[in-house]
Amino acid sequence: VQLQASGGGLVQAGGSLRLSCAASGQTFSSNVMGWFRQAPGKEREFVGAIRWSSGSTVYADSVKGRLAISRDNAKKMVYLEMNSLKPEDTAVYFCAAPSIYYTRSYFPKSVEEYAYWGQGTQVTVSS
């Protein structure tokens, strides 16, 4: 599985950005794609995840209502739509996928549960 994130940039507080993640390889095997972020000096944290099959999603409490994940199965693309951005959303954003053997019914939310990572894309929100 190979992942490539893009779409980051500099935006003012209250603005919007859409991040993209292009996936290739055995992408659908684990049926989950996740987004994480890492701010300077902080640990990488879970943002949200989506199931390829159903499109069902889960989000961290800190982003609920402002961020939305969607997918395009035909293109093997996953998107992170970010609205009402805040300076505290400033971070490097990563898309990730669990092992191709992941079969658990719940959404994985820890870094350790993800085996494949994109290179990250920087999002900077100015106040």
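In S9, Cys95 is the bridge partner of Trp35. Strands, like helices, are DSSP runs numbered from the N terminus (E, at least two residues, for strands; H or I, at least four residues, for helices). The structure is a predicted model, in which local features need pLDDT of at least 70 and side-chain atom pairs count only at pLDDT 80 or more, while totals for chains, interfaces and linings use all residues. Residues are numbered from 1 along each chain as its sequence is written, and side-chain values use heavy atoms, with hydrogens and water left out.

The chain holds eleven strands and zero helices, so that the order of elements from the N terminus reads β-β-β-β-β-β-β-β-β-β-β. The radius of gyration of the chain is 14 Å, close to the 14 Å that the globule rule gives for 127 residues, so the chain is as compact as a globular protein of that length. Here the radius of gyration is taken over C-alpha atoms, and the globule rule is 2.2 Å times the number of residues to the power 0.38. Along its principal axes, the C-alpha trace spans about 40 × 30 × 25 Å. Of the 127 residues, 46% are buried, where buried means under 20% relative accessible area, exposed means over 50%, and partly exposed lies in between (1.4 Å probe, protein chains only). Among contacts in the chain with a separation of 6 or more, 57% come from residues 24 or more positions apart; a contact means heavy atoms within 4.5 Å.

Six of its seven residues are buried, so S9 is largely enclosed by the rest of the structure. Strands count as paired if DSSP finds at least two bridges between them. Strand S4 (residues 32-38) runs antiparallel to S9 and is joined to it by five bridges. S9 is also antiparallel to strand S11 (residues 121-126), with three bridges between them, and here Ala91 stands opposite Val123 in S11. Strand S10 (residues 116-117) pairs with S9 over two bridges, again in the antiparallel sense, and Ala97 is found opposite Tyr116 in S10.

The interior can be described next. A nonpolar core is a set of buried Ala, Val, Leu, Ile, Met, Phe, Trp, Tyr and Cys residues joined through side-chain atoms within 4.5 Å. The largest such core has 36 residues, and those touching the most other members are Met33, Trp35, Val78, Leu80, Met82 and Tyr93. Strand S9 (residues 91-97) gives this core its largest share, five residues. Beyond its neighbours within four places in sequence, Met33 contacts residues including Leu3, Cys21, Ile50, Trp52, Val78, Cys95 and Ala97.

Rings of Phe, Tyr and Trp (its six-membered ring) pair if their centres lie within 6.5 Å, and planes under 30 degrees apart count as stacked, over 60 as edge-to-face and the rest as tilted. The count by this rule is seven aromatic pairs. One of them joins Tyr102 and Tyr106, whose ring centres are 6.5 Å apart and whose planes stand at 90°, so the pair is edge-to-face. Tyr102 is buried, at 7% relative accessible area, whereas Tyr106 is partly exposed, at 41% relative accessibility. Elsewhere, Phe36, Phe46, Phe94, Tyr114 and Trp117 are linked by ring pairs into a cluster.

Charges also meet rings in this model. A charge sits over a ring if NZ of Lys or CZ of Arg is within 6 Å of the ring centre and within 35 degrees of the ring normal. Arg18 lies over the face of Tyr79, 4.2 Å from the ring centre, and the charged end of Arg51 sits over the ring of Phe107, 4.4 Å from its centre.

Some loop residues complete the picture. The loop between strand S8 (77-82) and S9 holds Asp89, a buried residue with a relative accessible area of 1%. Not counting residues up to four places away in sequence, Asp89 touches Arg37, Arg66, Ser84, Val123 and Val125. Ser84 itself lies in the loop between S8 and S9 and is partly exposed, at 42% relative accessibility. Most residues other than glycine have a negative phi.
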